[in-house]
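Biologist: I'd like to learn how to read a model like this one. Could you walk me through it?

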Amino acid sequence: MAGYILALDQGTTSSRAILYDDHARPIKMAQQPTTLQTPKAGFVEQDAQQIWQTQISCAHDVINQAGLLATDVTSIAITNQRESIVMWDKQTGKPLAPAIIWQDRRTANYCKTLAAESADNSMNKSVNQDINQGANHNDINNDLQYDMAAQVQRITGLRLDPYFSASKIAWLLENNPKLSVRASKGEIAVGTIDSWLIYKLTGGEHVIDLTNASRTLLFDIHKLAWSETLCDRFAIPMTILPKVLPSDGDFGKTKKGLFAKQIPIQAVLGDQQAALFGQGCLDAGMAKNTYGTGCFMLMNIGQQPKLSEHKLLTTIAWQRKISPTRPDNLSFDQILQSGKRMLQPPKKEVTYALEGSVFMAGAIIQWLRDNLGMIQQSSDVEDLARQVDSSEDVVLLPAFTGLGAPYWRSDISASITGMSRGTTKAHITRAALEAVAYQTYDVLIAMQKDSPHPLTELRVDGGAANNDLLMQFQADLLDVPVLRPRDTEITAKGAALLAGLKTGLYDESTMKASWQVDRIFEPSMSIDAREQHLDKWQRAIARSLMQI
Ligand code: G3P
């Protein structure tokens, strides 16, 4: 079977479109930057129309650049920045507010208050009240004490944090009384970025895939349905939420006139879940770390949604509507070798993952470039950092938007400590790279405590995975081999693979052949040196936590 998969990868700082051939090889890529707006402290927004315009323009460009026609494209796959939300008019399709991005912290106090509230109080709580007055913990009704944070984790696998979509939607409704009225009349729609793109592509479908739904803080990951309880608590009418589909569901066809043919959208995954799939982490215990704007480590934990006891997230990795199952005693490799497939009937299958979300990774490098002017372009960072042998005592704590896993402190700010008269920009740059690896180490430690599977290797991808200095330091800190594949654009590939498997363009052997190792970084640091590094980082974290 011949054909191409068009993967749309809508990330935090750019929209991209990549075409994959019938062997899942990337043949062309088009990319356009998107603009982040920060109108007030804690606010991070984007123009939803710009998200759409850049994405569709990349889709057209990539087909043209490849010298293909839309009729050559078998299927569209979508992968996207998660948690960010768009609200739009159901009739006109016009956005009703700027998209609120996952990094936005405007609802930090609101979430903090909810976490400490009684059930009765939380029902009547105003988002504005908390934003304007700050968290007030004195009005807790002890008789009705109710741990909403625990309930949120039980239902969604997540934490009560402004990172996720629910409080962002609640904020929009509360701050725009007209929207709230229109929401109750069913006139508006809300969705994550996948929903928004699908709506625009199809000209009206209001759907979301399960992995994106699982990042909203409104989705029950056990029942695989929107949680009435949580929608109620956040005062979000369920009528404005999209219909949830499996990751390889039928999301509709592109509307007439958009391309030369109506192309079906057949796979949708949040970007981190797509990377887990693209990295071939199909068996429980396999893990990947993506170094994008943030840094997201996910471990496949199989078909049971185990809740974290160490401040990680439990999330849906994917749901495949039709998934080949295999005898328990055979691995994927053995099945491929023996040529046996589909030995049991197909069934609907959900795979879960443990996730550690780190908010700042590549974004620290962008900050060095754009705010401090220390480098011309991101790729200069390695050369500059290599000008010194170590960062000496310098520690860059990148809490620019608070700290994510495993600290979850939205109230902490960034700092650079340990500088001396001899500190140069090379030391600071090296400390910035080290901060990415230290944060990943903290997540890994939590993951090892939660998971029954010891981590024996870490697969890496994303832009900063091409930085050899960082990858070696990462392997040294984690004390496990770090495996970098040849193609580090794994996110789009993961979504493309899922679409190709669904349509029959690919099979399991395409999947296997699509992942090839470029380099393995073996740990080589002495135990003493490793402990000194970790001690330096842990002291900086402790100082910062104490200063609050
Ligand atoms: O959860 C946020 C994440 O999906 C953003 O990914 O690649 O834009 O940093 P990225």
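Biologist: Over which residues does pLDDT stay under 50?

Modeller: First, the ground rules: this is a predicted model, where local features need pLDDT of at least 70, side-chain atom pairs count only at pLDDT 80 or more, and totals for chains, interfaces and linings use all residues. Residues are numbered from 1 along each chain as its sequence is written, and side-chain values use heavy atoms, with hydrogens and water left out. Now, pLDDT is the predictor's confidence in each residue, from 0 to 100. Where it is low, the predicted coordinates should not be read in detail. Here pLDDT stays under 50 over residues 122–145, although the model has 47 contacts for them beyond four places in sequence; contact means heavy atoms within 4.5 Å. Residues 323–329 are also below 50, with 20 contacts beyond near neighbours in sequence.

Biologist: What is the average pLDDT of the protein?

Modeller: The average is 89, and 90% of the residues score at least 70. The model's ipTM is 0.97 and its pTM is 0.88.

Biologist: How many helices and strands does the protein have?

Modeller: We take DSSP runs, numbered from the N terminus: helices are H or I with at least four residues, strands are E with at least two. That gives 19 helices and 22 strands.

Biologist: How do I read a helix pair, and at what angle do helix 11 and helix 17 pack?

Modeller: Two packed helices are described by the angle between their axes and the distance between the axes. The axes are lines fitted to C-alpha atoms over the stretch in contact, and angles run from 0 to 180 degrees between N-to-C directions. Helix 11 (residues 271–278) and helix 17 (residues 490–503) pack at about 70°, with axes 7 Å apart. That makes the two roughly perpendicular, a label for 65 to 115 degrees. Helix 11 brings residues including Phe277 and Gly278 to the contact, and among those it meets in helix 17 are Gly494 and Leu498. The residues of this contact divide into eight nonpolar, three polar and one charged; Ala, Val, Leu, Ile, Met, Phe, Trp, Tyr, Cys and Pro count as nonpolar, Asp, Glu, Lys and Arg as charged, and the others, Gly among them, as polar.

Biologist: Is Phe251 buried or exposed?

Modeller: Buried means under 20% relative accessible area, exposed over 50%, partly exposed in between (1.4 Å probe, protein chains only). Phe251 is buried, at 1%. Phe251 sits in the loop between strand 12 (243–245) and strand 13 (265–270). Its contacts beyond four places in sequence include Ile198, Val207 and Leu245. Across the protein's 548 residues, 59% count as buried.

Technical notes:
Angles under 35 degrees count as roughly parallel, over 145 as roughly antiparallel, 65 to 115 as roughly perpendicular and the rest as oblique.
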